[in-house]
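Open the model in your viewer and keep the selection tool at hand. The tour below goes stop by stop.

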Amino acid sequence: MKIRPCEPEDHTGIDTLLQTAFPEPGEARLAVALRAADADTLELVAELDDKIVGVTMFSPTQAKLDDGREIPGLGLGPVAVLPDYQNRGIGAALIEAGLDFIRTLGPTYCIVLGDPDFYGRFGFEPAPSLDLHWAGDPEDKTGNAFQVLALNDAPHLPRGTRIEYHPAFDIV
Ligand SMILES: CC(C)(COP(=O)(O)OP(=O)(O)OC[C@H]1O[C@@H](n2cnc3c(N)ncnc32)[C@H](O)[C@@H]1OP(=O)(O)O)[C@@H](O)C(=O)NCCC(=O)NCCS
């Protein structure tokens, strides 16, 4: 299996993959919207048997502190692996490779929405326990699914901070 940056000719395969891996079309639309908005900071694919079997994307986020400061970071998602290729370590390898690369860009945090049992293995922590919140979910209805990972030895964002995904996420 090879993990490499996405090329434009991969887009059709990625679209099929996202439509296959997710029951709703929102994630496939999100990938298109992120690219159109030039918000695809990193898009990695996993290639096996000359086929795109996995994808992950990272896009810009904005943390809004209580004192009015804003701190840019990155959001992980979507991430998906074709059903026939799941549970072989491909999703984890894509996420590890993505996190390794984004650390070199210097951000102090990364966010994700998903199962804490899966993302906890990469160091993500449930945001509500840190008093950090997704701006798109003022009542914390997503609970522990909204998670944060501090990067580059930075401390966690100050308590009470609200974090915004890129506006392209409004499509999901
Ligand atoms: C989530 C996903 C990307 C994981 O990719 P993968 O290649 O199957 O994952 P890996 O093989 O690296 O890791 C497998 C582990 O993740 C766990 N896992 C897989 N999907 C999970 C999920 N949705 N929630 C919680 N745990 C999950 C498996 O149980 C397995 O655990 P184990 O190592 O303790 O046995 C893949 O299952 C997928 O595409 N799912 C459908 C789309 C989706 O839900 N994406 C994530 C949205 S947040």
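Buried means under 20% relative accessible area, exposed means over 50%, and partly exposed is in between, with a 1.4 Å probe and protein chains only. This is a predicted model, in which local features need pLDDT of at least 70, side-chain atom pairs count only at pLDDT 80 or more, and totals for chains, interfaces and linings use all residues. Residues are numbered from 1 along each chain as its sequence is written, and side-chain values use heavy atoms, with hydrogens and water left out.

**Stop 1: the aromatic rings**

Select F122. At 8% relative accessibility, F122 is buried. Now select Y119 and F124. They also form an edge-to-face pair, 6.0 Å centre to centre with 80° between the planes. (Rings of Phe, Tyr and Trp, the last by its six-membered ring, pair if their centres lie within 6.5 Å; planes under 30 degrees apart are stacked, over 60 edge-to-face, the rest tilted.) Y119 is buried at 7%, and F124 is buried at 4%. Show the four together: ring pairs link F118, Y119, F122 and F124 into a cluster. The structure holds eight aromatic pairs.

**Stop 2: the largest pocket**

What volume does the largest pocket have? About 820 Å³. (A pocket is an open set of points on a 1 Å grid over the protein atoms alone, where a 1.4 Å probe fits, with protein on both sides within 12 Å along at least five of seven lines; lining residues have an atom within 4 Å of a point. Volume is the space filled by probe spheres set on the points, which are joined across faces, edges and corners.) Select F22, P78, V79, L113 and Y119: of the 36 lining residues, these are the closest to the pocket centre. Next colour β4 (70-81). This strand gives the largest share of the lining, six residues. (Helices, H or I of at least four residues, and strands, E of at least two, are DSSP runs numbered from the N terminus.)

**Stop 3**

Most residues other than glycine have a negative phi, and most peptide bonds are trans. Select G77 and P78: a cis peptide bond joins them, with omega about -5°. P78 is in strand β4. Move to D38, in the loop between α2 and β2. Its phi is positive, near 60°, and D38 is exposed at 68%. Finish at N152, in the loop between β8 and β9. Phi of N152 is positive too, near 55°, and N152 is partly exposed at 36%.
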